Amino acid sequence: MNATRAAREPEYTPTRTDRLLAAVGGLVAAYVSLAVADLVASRVRPEAAPVPAVGGAVVDRTPAALKDWAIRTFGESDKAVLQLGILVLLGLLAAAIGVLALRHRALGAAAVGAFGLLGALAAVTRPDSDSALDAVPSLVGAVVGVVLLYVLTGRLLTPRPGTARADRRGFLIVAASAGLAATGAAALGRAVGSPVETNASASRAALRLPRPASPAPPMPAGAQLRVPGISPFLTPNRDFYRVDTALVVPKVDADRWRLRLHGSGVREERTFTLRELTARRVVERDITLACVSNEVGGPYVGNARWLGIHLADLLREAGVRPPSEGGTADQLVARSVDGMTIGTPVEEVMDGRDALLAFGMNGEPLPFTHGFPVRMIVPGLFGYVSACKWIESIELTTFDAYDAYWVPRGWAAEAPVKTQSRIDTPRPLGRPAAGTVMIAGVAWAQHRGITRVEVRVDDGPWRDARLAAEDSRDTWRQWAYPWEAAPGRHTLTVRATDGTGATQPEQRTDTMPDGAQGWHSVVVTVE
Ligand SMILES: Nc1nc2c(c(=O)[nH]1)N[C@H]1C(S)=C(S)[C@@H](COP(=O)(O)O)O[C@H]1N2
Ligand SMILES: [Mo]
């Protein structure tokens, strides 16, 4: 191999500076290649860009415990951290490939091509990919990267005329021009906007939410306590937690969106447009949604006013009956446009609770991050077994026949919410002044309701907190307790009792496999 190269290229020994430049060349080739791939993807399908595609493949293969750790450690930045990690790794490899290319030009360029193929492979094997065209962004990027690295390395392997040194100037000119061109093209692409995004945003802006035939029952005046620092009873959309596996938020064009209903017990497969759904009997309900990955005292819970239709009506019309009425399907599997699958018990969906196909959230169409155009919401079940965002199909099947996304990853197939209570104020390690200090927060046990909240200071007796008025048993309930605080360090603990009379157990458990339990406490120093 070396002999052939030596035969074709002049005898020449690269210096350390040349090797450093070669590493830079690898980085530039990778950068330009990714920028080009992103630009192409933004024209067709942003999800098919190489980094989100590879990232998605990594997410799907990440052990559940690691994913749970990532979400606990990085919170809602977990996706950014993952993509940053991929970029850093790619950068290191790209630099190494650049150096390799100096020894073997064709092999280095081929290595860049191999990464392009990896991106293409990841893109077409994503569950939401339905076309081989998803390989195109990575492939186009790869071709550009291969050619660029080959050209750049060529500059370092060619002595500048009349000297014995590499053509570093030529290298720098090519590298800088390619880098600038790619950056310019990417900026232009962003300025023009992606057609995918434009159509989706236009369809969302054009959506007029229907008036509910059954509005949310009037919220009792006392549902919202006036205590500074307590979570507001209704969580504004911008503050509502977000948990999902989507590295690129799906931007669905509502005009082209369809919901497919099929499976066991469905008389005849049906497809609905958004217009058909919003023209049905619309209901509005306040429902609290919680994530199974929420640790005791954690932030992954929110309460919103949802607008949608009763899913059970749609199912009954299609011929579906719950198992208790002899129906054959006990699991409803919702699939999303991004390939998520979420399995929900048919019995719960049809037992009369407000299981919704929702299109409105707090008075506006669902935000893209929360599932536009339509998502599911089922009071009393954790999000991962009920709240499919960007839903595109509903299949009636059985728990025996099908495991939804999180089940083979170690999470329970069925997961009703655990009763939880959280101290919002004072904050952990807070330093309130001595005197009357309001201890306050929220407690939730959706569909069972909260009947009692108790607070304990240090090892003292449990005292009843004042409960805010109940909006519905599907929503969380605020609570407050005026504490006569004496100076010093104190531990404040809370526990709630649900509508069945069960009090939260003291013992803390893991979020895995079906949701954390245990009492929340905070330590404060009264001054
Ligand atoms: N398509 C899709 N839907 C999804 C998820 C997801 O990863 N993809 N995550 C689920 C989980 S785990 C939760 S807790 C809720 C969170 O909904 P939110 O992001 O609107 O709060 O969405 C559920 N629906
Ligand atoms: Mo979740």
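Predicted model: local features only at pLDDT ≥ 70, side-chain atom pairs only at ≥ 80, totals over all residues.
Residues are numbered from 1 along each chain as its sequence is written, and chains are lettered from A and ligands numbered from 1 in the order in which they are written.

User: How many residues surround ligand 1?

Analyst: A residue is near the ligand if one of its heavy atoms lies within 4 Å of it. Tyr241, Asp244, His370, Arg375 and Lys389 are the closest. The number of surrounding residues is 20.

User: Which residue places a polar side-chain atom 2.5 Å from an oxygen atom of ligand 1?

Analyst: Polar contacts are pairs of N or O atoms within 3.5 Å; within protein, one must be able to donate a hydrogen and the other to accept it, and residues adjacent in sequence count only if both atoms are side-chain atoms. Thr245 has a polar backbone atom 3.0 Å from an oxygen atom of the ligand, and a backbone N or O atom of Ala387 lies 3.0 Å from a ligand nitrogen atom. The side-chain contact at 2.5 Å belongs to Lys389.

User: What is the relative orientation of α6 and α7?

Analyst: Helices are DSSP runs (H or I, at least four residues), numbered from the N terminus. Helix α6 (residues 105-125) packs on helix α7 (residues 136-157) at about 165°, with axes 8 Å apart; axes are lines fitted to C-alpha atoms over the stretch in contact, and angles run from 0 to 180 degrees between N-to-C directions. Because angles over 145 degrees count as such, the pair is roughly antiparallel.

Terms used:
Heavy atoms only, no water. Helix = DSSP H or I, 4+ residues; strand = E, 2+ residues; numbered from the N terminus. Parallel < 35°, antiparallel > 145°, perpendicular 65-115°, else oblique.
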